[in-house]
Amino acid sequence: MNQKWFRTGAIGILILSLGLRFWGLDRFNTLVFDEVYFAQFGKNYLTNTPFFNAHPPLSQYIISLGIWIGNQIPVWQNTVNGATGSLLSPWSYRWANAFTGSLIPIVIILLTYQLSHRRSFALLAGLFTALDGLFLVESRYALSNIYIVFFGLLGNWLLLLALEKQNQLRWFILLIAGTSFGASIGTKWNGLWFLVGAYGIWILALIINWLQSFQPNNSSPIFPYLSRSKSLEKIEQIPLQKITQINIWQMVFFLGIIPAIIYSLIWIPHLQLDRRYGFIEVHQHILGFHLQLGGNNPDIHPYCAAWYKWPLLTRPMAYYYQTTQKITDPLPVFGPPLPRNAGKIIYDVHAIGNPFLWWFGLIGILCLISLLLIKFIHPVIKNKRFFIPQNLGIDTYIGLYIVINYAANLLPWVKVNRCVFIYHYMSAVVFTFIGLAWFVDKFICSKNKQWCLLGFSISLTIIAAFIFWLPIYLGLPLSIEGYRLRMWFDSWI
């Protein structure tokens with residue numbers, strides 16, 4: 001694929017993302033799900049109204065800025081509501097999320113290309129991300145989670161980009177990367193896991209380099225049956241192999257001190273507004289709030305879903321659910337429900353991932369882990385001693401990057417006892433999209449027609465699934481039969 005087609009594909013994915021997120025953005029003229037908090041908080045910053053915030057405030061600042069800008073644009077004012085205590089257009093408190101969410105597939109493309117220098121792989125990863133339902137839903141409302149992922153992925157891309165630069169330019173890009181990681185943590189604390197992933201790959205690379213210094217040269221592809229043409233395997237010196245050029249002091253400063261400074265600075269406007277608590281006190285109150293949320297079971301909240309339920313998509317969430325008697329009735333907003341069995345048209349916004357994308361992605365990440373284990377264990381068995389090949393190859397480093405970042409964003413939730421939800425998986429699941437794209441790219445580029453057909457089949461299935469479940473991502477009207485057709489399991493309702 002040449003550069004022209006690569007750019008065209010990236011622009012097409014961006015246009016698709018923008019269209020899906022901005023079309024009918026004011027469909028429900030009310031506050032949907034946690035907009036009752038985040039849109040309200042965004043408005044509070046504009047009205048200088050003190051309030052307690054159970055999360056770091058960056059996302060609410062951005063929503064607040066979006067509201068201010070939205071109020072200056074008269075074309076957005078046809079539909080307004082007073083749910084936040086002020087007359088606001090839904091566009092004003094949602095458009096910033098929609099725009100940021102539209103950029104995530106592009107950041108994925110940049111990150112994946114920087115990781116591999118493979119254009120088809122990068123476009124597939126971006127396309128799969130654009131076709132996910134949970135990311136689409138979270139982007140269309142004034143919620144917080146989309147900013148965690150955006151800034152975390154942006155930090156990852158900038159880190160990879162910095163590894164291909166030298167001297168002051170590298171330091172400057174690392175500075176921006178650290179700022180981005182700090183912004184991710186400044187949205188919610190679990191943004192810290194993106195930074196943990198960066199440290200994880202750095203430490204692992206140091207260990208590998210140290211162990212390789214004792215071993216003779218030996219190299220083999222991670223997936224020999226699907227090897228690409230030799231011309232595409234020429235680029236072996238990928239950025240991840242250069243990560244060990246960053247010494248411990250640079251890591252501590254750019255990816256330790258800088259994120260901490262940025263995180264602290266983010267709090268200043270909020271603490272100036274609400275002077276009841278200082279910096280330490282507000283964190284004590286936030287921690288106490290989360291510790292008091294109760295156990296991870298339906299008695300606490302009907303949509304509580306422990307971490308092990310996320311990859312299988314067994315418990316998604318309904319962000320909005322209302323019914324009308326006929327499709328010509330006004331769009332419903334929160335209010336007294338219709339009598340039982342009276343509603344014939346259902347409006348449902350379901351925070352559910354693209355099922356086949358998630359299930360294929362889970363299979364992909366498990367296969368990737370298995371291939372990596374084989375890659376490292378086979379030489380040990382063959383040589384009857386601990387052994388790591390001198391040149392692991394580009395695919396091995398890509399696999400390690402994906403698996404380490406996936407684990408860094410998922411495993412910390414294993415010990416969390418409070419009620420958690422499907423959207424907490426967003427930071428991890430995005431790496432399954434990249435992992436799946438790696439496999440599909442290998443399949444499609446394989447000379448074996450069966451592997452090639454499998455790659456196209458997986459891609460078409462994901463596209464078809466996205467179209468099929470699109471009405472419950474966008475909150476489009478469905479008949480009772482149409483709604484039930486999309487609720488494959490009782491646990492989805």
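**Cysteines, helix packing and backbone**

Modeller: Cys419 is buried, its relative accessible area being 3%. Please keep in mind that this is a predicted model.

Colleague: What does Cys419 form a disulfide with?

Modeller: Its partner is Cys304, and the sulfur atoms of the two are 1.8 Å apart. The pair counts as a disulfide because sulfur atoms within 2.5 Å meet the criterion.

Colleague: Is Cys304 buried or exposed?

Modeller: Cys304 is buried, at a relative accessible area of 4%.

Colleague: Where in the chain do Cys304 and Cys419 lie?

Modeller: The pair links distant parts of the chain, 115 residues apart. Cys304 lies in the loop between helix H12 (279-291) and strand E1 (317-324), while Cys419 lies in the loop between helix H14 (394-410) and helix H15 (426-445).

Colleague: Is that disulfide left-handed or right-handed, and why?

Modeller: The disulfide of Cys304 and Cys419 is left-handed, because the torsion about its S-S bond is about -115°.

Colleague: How many disulfides are there by this rule?

Modeller: The count comes to one disulfide.

Colleague: Why is Cys445 too far for a bond?

Modeller: The closest cysteine sulfur to that of Cys445 belongs to Cys452 and is 8.1 Å away, which is too far for a bond. Cys445 is partly exposed, with a relative accessible area of 33%.

Colleague: And what about Cys367?

Modeller: Cys367 is partly exposed as well, its relative accessible area being 35%.

Colleague: Let us turn to packing. At what angle do helix H7 and H15 pack?

Modeller: Helix H7, residues 145-162, packs with H15 at an angle of about 50°, and their axes are 9 Å apart. That angle makes H7 oblique to H15.

Colleague: Which residues make the contact?

Modeller: H7 contributes Asn145, Ile146, Ile148, Val149 and Leu153, and H15 contributes Met426, Ser427, Val430 and Phe431. By class, the contact of H7 with H15 has seven nonpolar and two polar residues, with no charged ones.

Colleague: Is the crossing left-handed or right-handed?

Modeller: H7 passes H15 in a right-handed crossing.

Colleague: A change of topic: where is Gln60 found?

Modeller: Gln60 is found in helix H3, which covers residues 58-71. Gln60 counts as buried because its relative accessibility is 0%.

Colleague: What is Gln60 in contact with?

Modeller: Leaving aside neighbours within four places in sequence, Gln60 is in contact with Phe38, Phe41, Gly42, Tyr45, Asn53, His55 and Ser144.

Colleague: How far apart are Gln60 and Cys445?

Modeller: Gln60 and Cys445 are 44 Å apart in space, C-alpha to C-alpha, and 385 residues apart in sequence.

Colleague: Finally, the backbone. Which phi value does Asn48 have?

Modeller: Asn48 has a positive phi of about 55°, although it is not a glycine. Most residues other than glycine have a negative phi.

Colleague: Where is Asn48 found, and is it buried or exposed?

Modeller: Asn48 is in the loop between helix H2 (35-47) and H3. Asn48 is exposed, with a relative accessible area of 59%.

Colleague: And what is phi of Asn167?

Modeller: Phi of Asn167 is near 55°, a positive value in a residue other than glycine. Asn167 is found in helix H8, residues 167-185.

Definitions and conventions. Residues numbered from 1 in each chain as written. Predicted model: local features only at pLDDT ≥ 70, side-chain atom pairs only at ≥ 80, totals over all residues. Heavy atoms only, no water. Helix = DSSP H or I, 4+ residues; strand = E, 2+ residues; numbered from the N terminus. Buried < 20%, exposed > 50% of the residue type's maximum accessible area, 1.4 Å probe, protein only. Contact = heavy atoms within 4.5 Å. Axes fitted to C-alpha atoms, helices over the stretch in contact; angles between N-to-C directions. Parallel < 35°, antiparallel > 145°, perpendicular 65-115°, else oblique. Left-handed = near helix turned anticlockwise from the far one by under 90°. Nonpolar A, V, L, I, M, F, W, Y, C, P; charged D, E, K, R; others polar.
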